[in-house]
Amino acid sequence: MKIDAWLNERLDRIKEAGVYRNLRTMNGAPIPERKIDGKNQTVWSSNNYLGLASHSRLISAAQEALQQFGAGSSGSRLTTGNSVWHEKLEKKIAGFKRTEAALLFSSGYLANVGVLSSLPEKEDVILSDQLNHASMIDGCRLSMADTVVYQHIDMDDLENKLNETQRYQRRFIVTDGIFSMDGTIAPLDQIISLAKRYHAFVIVDDAHATGVLGESGGGTSEYFGVCPDIVIGTLSKAVGTEGGFAAGSAVFIDFLLNHARTFIFQTAIPPASCAAAHEAFNIIETSGEKRQLLISYINMIRTSLKNMGYLVKGDHTPIIPVVIGDARKTVTFAEKLQDKGIYAPAIRPPTVALGESRIRLTITADHKTSDIDHLLTSFHSIGKELHII
Ligand SMILES: Cc1ncc(COP(=O)(O)O)c(C=O)c1O
């Protein structure tokens with residue numbers, strides 16, 4: 001059998017199951033108003049929560065570093081890829097996350113995989129929230145430790161699992177800060193007090209919370225006023241650039257630098273990306289206005305959709321899942337939104353449970369109130385037309 005015939009069979013299987021994926025071509029800067037596959041749309045599915053990806057200060061910072069340092073880093077951090085910008089950014093992240101030190105990875109995905117595959121050992125166990133991101137799950141798969149999954153943000157179940165795993169040498173509780181499909185916030189205060197009681201370590205992936213939650217955008221730790229042992233994050237969401245990081249004690253960072261394979265065997269991100277991310281943190285630290293605007297949009301949209309009669313999941317985060325239920329109806333809903341110039345994807349099983357298909361909206365501070373008005377009127381009319389509300 002030729003390789004293509006075999007692969008086509010496999011592709012046909014996912015097409016039949018309705019979970020085939022393909023790419024869409026975006027034209028222009030990552031702002032809400034974009035041409036997608038040639039058609040004007042307002043994007044409601046971007047992670048550029050504070051609108052920093054197209055901010056002039058980030059672009060200037062990157063341009064300057066690009067001139068001085070070139071387009072690529074040319075090697076792993078441990079060979080020829082390290083620059084003053086990598087080090088400056090790591091100091092900045094450590095200050096922002098209130099940890100002793102931080103280490104950059106090429107992406108948040110690789111940070112999660114790097115930490116979880118290197119830190120827990122064979123005699124340890126990882127307690128992982130049921131809805132953790134794929135990169136956490138893959139990190140658990142690569143780890144020598146066992147993994148035990150607890151029910152999503154269910155503290156009773158976590159405590160049960162902590163009781164059942166006393167035989168292990170060390171226990172690591174790993175959780176997303178804001179969950180990417182449900183928009184829920186992990187109760188980090190409760191998780192940390194359980195961890196203290198049961199002598200476990202806490203690792204939080206603050207990909208969606210960095211720059212968004214907390215008085216100065218410090219993330220879930222700042223929001224709850226707690227200090228997890230390790231914070232992982234990405235620079236690709238509210239920070240508006242690319243790359244990932246792990247933050248914690250100086251010893252932990254030294255350990256990662258010597259053990260995390262996704263750090264050691266990876267070309268460093270370009271200095272220009274570091275310069276842009278550094279400038280993004282300067283903006284995040286000094287201006288709460290964008291965050292305030294984002295929060296006011298979140299509140300307005302959540303309240304209006306609930307008042308219309310929609311089942312809106314999650315907490316007050318920029319991820320707003322609107323449950324439609326039936327998978328086909330959800331796809332029809334998304335198509336009707338697109339006809340009205342609104343780009344918001346339909347999320348179906350197996351990504352979410354059967355009967356929980358949803359439109360997943362993500363809100364950014366770059367949206368305009370006129371965009372929100374159009375979104376809400378469209379949800380109202382389509383919801384009535386499809387007998388959902
Ligand atoms: C919760 C979470 N963690 C990690 C990642 C990976 O980050 P990155 O895109 O930088 O690889 C994502 C999304 O992409 C995410 O949603």
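The legends below describe close-up views of a predicted model. Local features need pLDDT of at least 70 and side-chain atom pairs count only at pLDDT 80 or more, while totals for chains, interfaces and linings use all residues. Residues are numbered from 1 along each chain as its sequence is written, and side-chain values use heavy atoms, with hydrogens and water left out.

View 1. Helices (H or I, at least four residues) and strands (E, at least two) are DSSP runs, numbered from the N terminus.

**View 2. Residues around the ligand.** Gly108, Asp205, His208, Thr234 and Lys237 come nearest among the 15 residues around the ligand, where a residue is near if one of its heavy atoms lies within 4 Å. Helix 4 (residues 108-118) gives the largest share of this shell, three residues. By class, the shell holds two nonpolar, ten polar and three charged residues; Ala, Val, Leu, Ile, Met, Phe, Trp, Tyr, Cys and Pro count as nonpolar, Asp, Glu, Lys and Arg as charged, and the others, Gly among them, as polar.

View 3. A polar side-chain atom of His208 lies 2.6 Å from an oxygen atom of the ligand, and a polar side-chain atom of Thr234 lies 2.6 Å from a ligand oxygen atom. For Tyr109, a backbone N or O atom lies 2.9 Å from an oxygen atom of the ligand. The protein buries 84% of the 380 Å² that the ligand exposes when taken alone (Shrake-Rupley method, 1.4 Å probe).

**View 4. The largest pocket.** The largest pocket holds about 1400 Å³ of space. On a 1 Å grid over the protein atoms alone, a pocket is an open set of points with protein on both sides within 12 Å along at least five of seven lines, a cavity is a set where a 1.4 Å probe fits but cannot get out, and lining residues have an atom within 4 Å of a point. A volume is the space filled by probe spheres set on the points, which are joined across faces, edges and corners. Of the 35 lining residues of the largest pocket, Arg21, Tyr343, Pro345, Ala346 and Ile347 are closest to its centre. Helix 13 contributes four residues, the largest share of the lining.

**View 5. The largest cavity.** About 70 Å³ of space lies in the largest cavity. Its lining includes Arg77, His86 and Phe105.

Note on methods
Polar contact = N/O pair within 3.5 Å; in protein donor to acceptor, adjacent residues only side chain to side chain.
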